[in-house]
Amino acid sequence: GRGRSALSGCRRGLAWFRSDVLNREGCRNHRSRVQLVKLCYSRQHARRLQTELDANLLATHLHVDVRQLSAVLCVQQPERFRTTLSRLAEDTDFRIRRTLAQAASSSEHHSVAIINETLETLRLDLRHCVRRAVSVP
């Protein structure tokens with residue numbers, strides 16, 4: 001039914017993501033597809049899809065949407081992506097830091113030290129929207 005259709009859409013989105021975005025081809029007008037991939041990382045499909053993408057690689061991408069996806073993935077596997085979490089908390093684009101703050105604040109991994117360190121870094125961010133995202137679970 002509907003869940004199967006959504007998963008199929010996610011798989012198509014991931015296939016496109018790997019072939020075009022990660023190869024830095026076809027990066028124009030890709031926002032809606034990256035949004036689809038982000039949506040796929042909802043709790044419903046996260047465990048199944050986490051192995052499909054490497055957050056370390058995503059964090060180095062030029063496009064904001066891709067780095068935001070990396071932030072969400074890093075929070076879902078904080079021990080695996082410890083250094084990437086730290087790097088994203090210092091990203092020059094506030095949108096990445098805001099996404100990271102939102103994901104970390106609502107994470108089920110609050111007892112993990114790197115999540116707490118990340119939240120502490122983001123609480124001191126110069127951007128109000130980032131600091132606010134930390135305080136809103």
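Q: What should be kept in mind about the model and its numbering?
A: The model is predicted, so that local features need pLDDT of at least 70 and side-chain atom pairs count only at pLDDT 80 or more, while totals for chains, interfaces and linings use all residues. Residues are numbered from 1 along each chain as its sequence is written, and side-chain values use heavy atoms, with hydrogens and water left out.

Q: How are two packed helices described, and at what angle do helix 6 and helix 8 pack?
A: Two packed helices are described by the angle between their axes and the distance between the axes. Helices are DSSP runs (H or I, at least four residues), numbered from the N terminus, and axes are lines fitted to C-alpha atoms over the stretch in contact, with angles from 0 to 180 degrees between N-to-C directions. Helix 6 and helix 8 pack at about 5°, their axes 10 Å apart, and are therefore roughly parallel (angles under 35 degrees).

Q: Which residues of helix 6 meet helix 8?
A: Contact means heavy atoms within 4.5 Å; R82, L85, S86 and A89 of helix 6 meet I114, I115, E117, T118, T121 and L122 of helix 8.

Q: Which residues of helix 9 are buried?
A: Buried means under 20% relative accessible area (1.4 Å probe, protein chains only), and in helix 9 (residues 128-135) the buried residues are C129, V130, A133 and V134. Seen down the helix 9 axis, these residues fall within an arc of 145° (taken from the directions from the axis to the C-beta atoms), so they line one face of the helix. The buried residues of helix 9 pack against helix 7 (94-105) and helix 8 (113-123).

Notes. Buried < 20%, exposed > 50% of the residue type's maximum accessible area, 1.4 Å probe, protein only. Parallel < 35°, antiparallel > 145°, perpendicular 65-115°, else oblique.
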